[in-house]
Amino acid sequence: ITDHPHASFEDILRGRTSRQDAIVSFLAVLELVKQRVIEVRQDGRFAPIAIARMSDDSYVETDVVPVH
């Protein structure tokens, strides 16, 4: 994300082989979302997870949707 404004979660996991690496990477993505550094979009339940850097003018107040 620092070199490119967009990536997929699959791109982030490329080269990582352990389940622990995947979990740590996912938690890092969640923390960056919480800090409003990145935004994440997933169009369907098993669709790819798209990640993009937030720009100063891209902040939009959204409702929190519970995950089941």
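**Reading the fold and its surface**

Author: Start with contacts that span the sequence. Among contacts in the chain between residues at least 6 apart in sequence, 34% join residues at least 24 apart. Keep in mind that this is a predicted model.

Reader: How many helices and strands does the chain have, and what pattern do they follow along the sequence?

Author: The chain has 2 helices and 3 strands. Read along the sequence, the pattern is β-α-α-β-β.

Reader: How should I read the sheet, and in what order do the strands lie?

Author: The general idea is that strands of a sheet pair through backbone hydrogen bonds, either parallel or antiparallel. Here the 3 strands form an open sheet in the order β1-β3-β2, and the pairing is antiparallel. The edge strands are β1 and β2 (38-42), each of which pairs on one side only. From one strand to the next, the twist averages 25°.

Reader: How many bridges join β1 to β3?

Author: Strand β1 is joined to β3 (residues 49-53) by 3 bridges, and the two run antiparallel.

Reader: Which strands does α2 lie across, and at what angle does α2 run to β2?

Author: Helix α2 lies across β2 and β3, and runs at about 115° to β2.

Reader: What share of the chain do buried residues make up?

Author: Buried residues make up 12% of the 68 residues in the chain. The accessible surface of the chain comes to about 6,100 Å², and 55% of that belongs to carbon and sulfur atoms.

Reader: Which residues form a nonpolar patch on the surface?

Author: The patch consists of Ile 23, Phe 26, Leu 27 and Leu 30, with about 370 Å² of accessible area together. To be part of a patch, a residue needs over 30% relative accessible area. Take Phe 26 as the example: this residue is found in helix α2 (residues 19-34). Phe 26 is partly exposed, because its relative accessible area is 37%.

Reader: How should I read a residue in a loop, and where is the place of Arg 16?

Author: Arg 16 sits in the loop between α1 (9-13) and α2. At 43% relative accessibility, Arg 16 counts as partly exposed. Not counting residues up to four places away in sequence, Arg 16 touches Asp 21 and Ser 25.

Reader: Next, charged pairs. How many salt bridges does the structure hold?

Author: The general idea is that side chains of opposite charge can pair when their charged atoms come close. This structure holds 3 salt bridges. In one of them, the side chains of Glu 10 and Arg 14 meet at 3.8 Å, N to O. In another, Arg 14 meets Asp 11 at 3.1 Å, N to O.

Reader: Which residues are linked in a network of salt bridges?

Author: Glu 10, Asp 11 and Arg 14 are linked in that network. Read the exposure of each member in turn. Glu 10 is exposed, with a relative accessible area of 57%. Arg 14 counts as exposed at 54% relative accessibility, whereas Asp 11 is partly exposed at 36%.

Reader: Which side chain meets that of Arg 41 in a salt bridge?

Author: The side chain of Asp 43 does, at 2.6 Å, N to O. Arg 41 counts as exposed at 56% relative accessibility, and Asp 43 is exposed with a relative accessible area of 65%. Arg 41 is the residue already mentioned as the bridge partner of Ala 50 in β3.

Key
Residues numbered from 1 in each chain as written. Predicted model: local features only at pLDDT ≥ 70, side-chain atom pairs only at ≥ 80, totals over all residues. Heavy atoms only, no water. Patch = residues over 30% accessible without salt bridge, like charges linked within 9 Å, V, L, I, M, F, W, Y side chains within 5 Å. Areas by Shrake-Rupley, 256 points an atom, 1.4 Å probe, with all protein chains shown as cover. Salt bridge = Lys/Arg side-chain N within 4 Å of Asp/Glu carboxyl O. Helix = DSSP H or I, 4+ residues; strand = E, 2+ residues; numbered from the N terminus. Buried < 20%, exposed > 50% of the residue type's maximum accessible area, 1.4 Å probe, protein only. Pairing = 2+ DSSP bridges. Axes fitted to C-alpha atoms, helices over the stretch in contact; angles between N-to-C directions. Contact = heavy atoms within 4.5 Å.
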